[in-house]
Amino acid sequence: MLKIYKNVSSVIFSVLLFIGVISYIIFPELFYNNKINYGACLNAISSGVVYSIEFDEDSDFAIITLRGADGYADASKRKYIVQSMYERHYLLDHAEENDVKIIEKNHRIFSSLRLLKVFIIICIIYFIYKIYQWKKKKEVKSCSTTGEVQDTEVTFDDVAALGEEKSELFEIIDFLKNSEKYTKIGAKIPKGVLLYGEPGTGKTLMAKAVAGEAGVSFISASGSEFINKYIGVGARNIRELFTEARQKAPCIIFIDEIDAIGGKRRDDSQGGDSEINHTIAQLLTELDGFKNRNDIIIFAATNRIDILDPALTRPGRFDRIIHIGLPDVRGRKAILEVHSRNKPLFEDVCLERIAKNTVGFSGAQLENLLNEAAIHAARNQHTAISNQDLNEAFNKITVGLKKLNSNMSEEEKKVIATHEAGHVIVSLLMPTQPNIKEVSIIPHNTGEGYTLNDMNDDKKYSSKKQLKEKLAVLMAGFVAENIIIGDISTRASTDIEKATEIATKMVSVYGMSEFGPISLESIKSINYLLSEKMVSNINDKIYQTIKEAEKEASRLIQNNQELVENLIQALIEKETVTKEEIQQIYIEYNE
């Protein structure tokens, strides 16, 4: 319908434009500026300078032709006048009395002035309509969602570190290629595959790789695109997406961030919730409608599987759920090898060492690491990526850009150096804490000064001892300022916040207190009331846990104050101290 309206409006505009041009040709006087008013016209007639008056019985418009030097009509001296019917009778009588020639033209179908007025009014209406149409079209475009169809060339060779996850999906690829092999024995392929995990772990890449391996179309959409303030628009867009999939079959539909529309439904009938409920209901309907189709499979990705509606994850809909986790050291090395294919590296660059030092990095972060290193190498006109480029890229990602031009006072340097030295020395004296890779007092994007841990261990859990020692390390900066400077600064605010969070979980989640193995957080979440005494005891235990960590940090710093001061002096002089230099300071202190 919108196309029809658009064509009709274009025809109307063309006709009106044609009428306007014809009006200009036939009635050029309409566009003249030589207008004469009624009083001046009477005076001109009385003066004998008017040769003729041309008028139309059906019009209020008249043309006055003046006399030339020879006493006859001068076509270049024409004026027009607009008058009422009453004024016309008096005007014509006055013209006859003064021997002015009167010309009546009855062949005009429309008054030229009225035609001009109608033309202008129609043009205004037309342009108002076009503006409304443009706004409506823009609104509809923003409301509508159609999946992006692409023939992806991504394969499993481009996906590293997900061997077990690939094996889960091989049969889906085989089914899309050889469906008869499965249907002969009554097997049904999962219609929905839900990929969940932390951001950047490769969920979208995995879905694309399945489509690439199977050689089918890949239709992608984001869950947020279906959210709209108008009730019914999201459901309509879901129908359009699945209709498009039926036309492109065999294919894979991929809905990213499905938790945006697939969250648990509520009974609230407010507009926003009602629209989401309509949208997820339509999605469930479409999923059920694919039961008899063997050439369409729906993939979805989310970071929040815990908030999805149970109706969405039950068998028969998204009945295959695959966790895409953070890669281990071997996986990180494989990912680095994939993303370094088109990047020249110096011979001394060891991807295995980089993999060991990037614990907790996702695939996207590893790709970004190599890209930032390549940018740094190009900026410095290197022929290949060096270890220095990789270190700079690592620091940029983890702590941000260094602000080398920052003007810090000596007092500020002393405070920052003392705070960071406290963290380093207590961590160095704690057996379960990681080694320090680098410590600096140079300001960066996320703050002033930093301490980088040399993380090379993929631990999946932490013991009570490790957490207690980590608390001592977090409190060490605060304690070092208090002992060595005799005052405390606001730098410890982030450390205190992290320490409070860890202590709270130790008491209320991990069962690492005299309350025993009870998740107090779960009790709160299911709305069981805790007594005031219990809440008070929990708070007291959290406070006690943090104070114990503070006392331990204080003991270590007081017993090794000279070592702390040596590191403070090195930081003030060099601004950045490496792992090797820290070890050298520690060896000299123990000699």
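Is arginine 330 buried or exposed? At 67% relative accessibility, arginine 330 counts as exposed. Buried means under 20% relative accessible area, exposed means over 50%, and partly exposed lies in between (1.4 Å probe, protein chains only).

## About the model

This is a predicted model, where local features need pLDDT of at least 70, side-chain atom pairs count only at pLDDT 80 or more, and totals for chains, interfaces and linings use all residues. Residues are numbered from 1 along each chain as its sequence is written, and side-chain values use heavy atoms, with hydrogens and water left out.

## Salt bridges

Side chains of opposite charge can pair when their charged atoms come close. A salt bridge here is a side-chain nitrogen of Lys or Arg within 4 Å of a carboxyl oxygen of Asp or Glu. The whole structure holds eleven salt bridges. One of them joins arginine 330 to aspartate 328, at 4.0 Å from N to O. Aspartate 328 is partly exposed, at 32% relative accessibility.

Another salt bridge pairs glutamate 575 with lysine 413; their closest N and O atoms are 3.6 Å apart. Glutamate 575 sits in the loop between helix H21 (561-574) and strand E13 (576-578), while lysine 413 is in helix H16 (residues 410-429), so the pair ties together parts 162 residues apart in sequence. Helices (H or I, at least four residues) and strands (E, at least two) are DSSP runs, numbered from the N terminus. Lysine 413 is buried at 16%, whereas glutamate 575 is partly exposed at 27%.

Aspartate 158 and arginine 341 also meet through their side chains in a salt bridge (3.4 Å, N to O). Aspartate 158 lies in the loop between strand E5 (148-150) and helix H5 (163-177), and arginine 341 in the loop between H12 and helix H13 (351-356), so this pair links parts that are 183 residues apart in sequence. Aspartate 158 is partly exposed at 26%. Arginine 341 is exposed at 53%.

## Helix H12 against helix H14

Helix H12 (residues 329-339) and helix H14 (residues 363-379) have axes that come within 9 Å and cross at roughly 45°. That makes H12 oblique to H14. Axes are lines fitted to C-alpha atoms, for helices over the stretch in contact, and angles run from 0 to 180 degrees between N-to-C directions. Angles under 35 degrees count as roughly parallel, over 145 as roughly antiparallel, 65 to 115 as roughly perpendicular, and the rest as oblique.

Which residues of H12 meet H14? They are Arg332, Ile335, Leu336 and His339, and they meet Gly363, Leu366, Glu367 and Leu370. Contact means heavy atoms within 4.5 Å. Ala, Val, Leu, Ile, Met, Phe, Trp, Tyr, Cys and Pro count as nonpolar, Asp, Glu, Lys and Arg as charged, and the others, Gly among them, as polar.

## Helix H14 against helix H15

H14 also packs with helix H15 (residues 387-398), at an angle of about 125° and with axes 8 Å apart. H14 and H15 are therefore oblique to each other. Residues of H14 in this contact include Leu369, Ala373 and Ala377, and those of H15 include Leu390, Ala393 and Phe394. By class, the contact has eight nonpolar, three polar and four charged residues.

## Serine 462

Serine 462 lies in the loop between strand E12 (447-453) and helix H17 (464-485). Serine 462 is partly exposed, with a relative accessible area of 43%. Leaving aside neighbours within four places in sequence, serine 462 is in contact with Leu467 and Met512.
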